[in-house]
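Good morning, and thank you for the time. Please have the display open while I speak.

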Amino acid sequence: MISRRTLLLVAGTAACVPAHRSNRNSLVVGLTYDIDTLNVYSTGFLGDVEAAVVEGLLAPDADAKYVPVLATSVPTIENGGIVPNADGGMTITYRLREGVKWHDGAPFTSADVAFTWDAVRNPAFIAESKDGSEDIAAIQTPDPLTVIVHYRKIVPGFATTLFTFGILPRHLLSGVDLNTAPYNDRPVGTGPFRVIAFKRGQYVLTERNPYYWRRDAAGRQLPYVDSLIFKIIPNSNSLLMQIRSGELDLVVATPYDQAKQMGGLEGVDLVRSPLLQWQHLDFNFRNAKLRERRVRLAIAHAIDRTAIVRALGGFPRPIQSVVVPVFDFHDPGAVMPAHDPARARAILEAAGWHLGADGVRARGAERLSFRLVVQAGKGDDELAQQVIIAQLQAIGIEAKADNRAGVAYRQARYKGDFDLLYSAWVTGADPIYSRFLGSKGTNNSLQYRNPALDTVLARMEGTLDPAARKAAAFEMQRILAEDLPTIPLTTNVAVVTKRRSLKGFTPNPTNMTPFVGAAFWRLEA
Amino acid sequence: MTARWLLGRVAGALPVLLGISLVLFLVIHLAPGGPMDVYADNPSVTPAALARIAEAYGLNQPLPVQYGRWLGAMVSGDWGYSIRTGRPVLTEIVERLGPTLLLGGIAMGAAFLLSVALGVVSAARTGAWPDRVIGGFTLAGLSIPVFWLALVLQLVFSVWLGWLPSGGLRTIGVEAASDRLAHIVMPATVLALATTASWSRYIRAGMITVLRQDYIRTARAKGLGETAVLLRHGLRNAIIPAVSIVALDLASVISGAVITEAIFGWPGIGSLFVQSMDGRDYPVLMGVLVMGSAAVILANIAADLAQAMLDPRVRNG
């Protein structure tokens, strides 16, 4: 048992330093998942900790636009950083920032950039994503501050992956097995914070990087905060408790079920941060009934997005396009058919689909009855599914829940074993839409084939000219709104819970997480 | 009761453990989902990348081959590597074992002392007010859900009073023993309460049976004080059946207190198990479960041993 003196002591400390913390200029962050590894290339999570520790050459900002980090500028055709080659490839030249040092004081050079490519493409390295590494043919490093990357083809989305995720330190990892390297527990980067302890299942402790290269506009050395402490708290009740008791300052992915309660707390702000993610209802084009555009149009008219949003606690936002509104190539003019059940019924009636005695429309022997697949166990998806089923029923279409778990769900999704599919895609800051909707897209499980769309997608994904890309993107969105192969429904938001004294916080919608801006966070008394 | 008996028991336990491991392996793998599920919404993880990862972990092999490989490695002392973290399973488990044993040890120790005291008192005063108060307490202890009690304690002591930290092993960066103690009070209390409630019922029942025996009447008749009758003649005999229960509960300590650890953010085996379950981290799950099963089997043998030591009839019979 605890002695009375200890109890008094603990109570006393608690009274003067709220909530058991040692340093007032440190920020305590609650992570809702248990970290697997701190290596950006092999973690199965978004790298919150990593984003504050490891830097890339470029990083996406709050508007999902790339800004230079370890490079001095974002390569473009205009500034000569990108040169298309006669052989169909391209060459990208990065100038690196001078005077950047690793957390151990060693200088950061072009050799580290070349090494990162070598390490990631190494077949022995088990990485979740080696995206981008296979498009590169060769890398040259004529001097310590210049990197020349030769690509096999035109890759407008080159900034999404490899060198943006983070650069690996060659002087520490050369010849080391990255699957088992101590680096995975104690990553060494060039970022504003360096890891000084990682206790699995408990916390990651960081301190300010004394060598950090960045200064604020007034010339003051960054970061402002002395340390970031990441506490691992997978239980959402405990998360709420610790926010209430003052033990936590920031949670960037507040579970929806706790978000409402946190919003009412004194001194706590809720920030809604958009995500590069969209929920959608897909049609399977293997099904003859769904190949009929009038059926798809009727279904589109039957959908009421506000009802879905309401069922999901009011957090997601309704969308009209697969291009979420964060992007500047989002076309506000490309809108989906409006919610209009009467119109939907009329369309089906005109197409010869008449209401049967069982409440389901039929044409001859064919009934408008579909299997609607969602991933079993995903509570939010199953809720949305119920709303969609009810909305379709209202126009005489029967949708039957056909939920699959795990491998069975993956199989159904990729092999096309569904009629209707409600699911989500998450993308980087430079999405490649042909993957989802192109005739040869690896994720086109709809088997949607539209040569006109393929042409537009090829134009969009083969050009380095932003204006041409935007024009093609608009055209793509108009085609999708007209042909309706998929119905974009909502985009989720991340709910950030933060203490009001935390200033300078900017949400980041990309997979680089808001921690990419952690150098600029400060705590006010 | 010889070394040969012990050897025989341990040898007999091995096929049982083997059978358990086979069943566990099947159940874990037949459950829906798999380690690759985390990639379901991520379009960058192409089917080719998935196949590559599955191959690296041997997940593309048929189940019997996977089990054979796992068993072969296990027998030679290799527990495999975690799919989530890439670290050795044994390292993962050993790291979590310390906090789990600390919490479990303190909670079980407190529970044992408390339940003996409560059991003896209520048996000695059957039907009187102490028995009824203790009876009420044990009923509450058995009926109140652990998670609810944990949350209420957090609300009162962390949020309202601000006396105790609401979770974790320690304040990060603070090494003081008082800090460790402050962190363990609530989870240990929660764990100990439910256990005390159940153990004290067994001890009470055992005491009541024993106190009706002839030798107790004899002890009283020869003029022995009531305390000596209760403790030396009563408890010594009443505790024997309780020992098996206690031993089995102690064995379950090693598997971690899943709910308590989750709510208090205690980095023990229970948390490791939940996280590995979420990520379908097969090697870690197998490691934790086989270790837990082995502990239960060993505890059974230990309980028999302890019974023999406490009860000459078992020893010589």
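This is a predicted model: local features need pLDDT of at least 70, side-chain atom pairs count only at pLDDT 80 or more; totals for chains, interfaces and linings use all residues.

I begin with chain A. It contains 16 helices and 24 strands. Its radius of gyration is 26 Å, close to the 24 Å that the globule rule gives for 525 residues, so chain A is as compact as a globular protein of that length. The C-alpha trace of chain A extends over about 75 × 75 × 40 Å along its principal axes. Of the 525 residues in chain A, 47% are buried. If we take the contacts in chain A between residues at least 6 apart in sequence, 68% of them link residues at least 24 apart.

Chain B has another make-up, with 13 helices and zero strands. Along its principal axes, the C-alpha trace of chain B covers about 85 × 60 × 35 Å. Chain B has 317 residues, and 38% of them are buried. For contacts in chain B with a separation of 6 or more, 71% are between residues 24 or more positions apart.

I now turn to helix packing in chain B. Two packed helices are described by the angle between their axes and the distance between the axes. At what angle do helix α4 and helix α5 of chain B cross? Helix α4(B), residues 89-124, and helix α5(B), residues 129-143, cross at roughly 135°, and their axes come within 7 Å. The two helices, α4(B) and α5(B), are therefore oblique to each other. Their crossing is left-handed. On the α4(B) side, the contact is formed by Leu118(B), Val121(B) and Ser122(B), and on the α5(B) side by Pro130(B), Asp131(B), Ile134(B) and Gly135(B).

The crossing of α11(B) and α12(B) is left-handed. Helix α11(B) contributes Ile269(B), Leu272(B), Phe273(B), Ser276(B) and Met277(B) to the contact, while α12(B) contributes Val284(B), Leu285(B) and Val288(B). In this contact of α11(B) with α12(B), seven residues are nonpolar, one is polar and none is charged.

Let us stay with α11(B) for a moment. How many of its ten residues are buried? Seven are, and the helix α11(B) is thus mostly covered. Those buried in α11(B) are Ile269(B), Gly270(B), Ser271(B), Leu272(B), Phe273(B), Gln275(B) and Ser276(B). The buried residues of α11(B) pack against α4, α10 (258-263) and α12 of chain B. Helix α4(B) accordingly returns here as a partner of α11(B). Just after α11(B), Arg280(B) adopts a positive phi of about 50°.

That brings me to backbone geometry. Most residues other than glycine have a negative phi, and most peptide bonds are trans. Where in chain A does Ala64(A) lie? Ala64(A) sits in the loop between β2 (58-60) and β3 (66-68) of chain A. Although Ala64(A) is not a glycine, its phi is positive, about 60°. Is Ala64(A) buried or exposed? Ala64(A) counts as buried because 21 C-beta neighbours fall inside 10 Å, and the cut-off for burial is 20 or more.

Gln447(A) is also not a glycine, and has a positive phi of about 55°. Gln447(A) belongs to the loop between α14 and α15 (451-462) of chain A. With 14 other C-beta atoms within 10 Å, Gln447(A) is partly exposed.

In helix α14(A), residues 434-437, we find Arg435(A). Arg435(A) is partly exposed, with 19 other C-beta atoms within 10 Å. Its C-alpha atom is 9.8 Å from that of Leu457(A), which is 22 residues away along the chain.

Finally, the peptide bond from Leu222(A) to Pro223(A) is cis, with omega near -5°. Pro223(A) is located in the loop between β9 (203-208) and β10 (227-232) of chain A.

Thank you. I am glad to take questions.

Terms used
Residues are numbered from 1 along each chain as its sequence is written. Chains are lettered from A and ligands numbered from 1 in the order in which they are written. Axes are lines fitted to C-alpha atoms, for helices over the stretch in contact, and angles run from 0 to 180 degrees between N-to-C directions. Helices (H or I, at least four residues) and strands (E, at least two) are DSSP runs, numbered from the N terminus. Angles under 35 degrees count as roughly parallel, over 145 as roughly antiparallel, 65 to 115 as roughly perpendicular and the rest as oblique. A crossing is left-handed if the near helix is turned anticlockwise from the far one by less than a right angle, and right-handed if clockwise. Two residues are in contact if their C-beta atoms, placed from the backbone, lie within 7 Å. The radius of gyration is taken over C-alpha atoms; the globule rule is 2.2 Å times the number of residues to the power 0.38. A residue is buried if 20 or more other C-beta atoms lie within 10 Å of its own, exposed if 12 or fewer, and partly exposed in between; C-beta atoms are placed from the backbone. Ala, Val, Leu, Ile, Met, Phe, Trp, Tyr, Cys and Pro count as nonpolar, Asp, Glu, Lys and Arg as charged, and the others, Gly among them, as polar.
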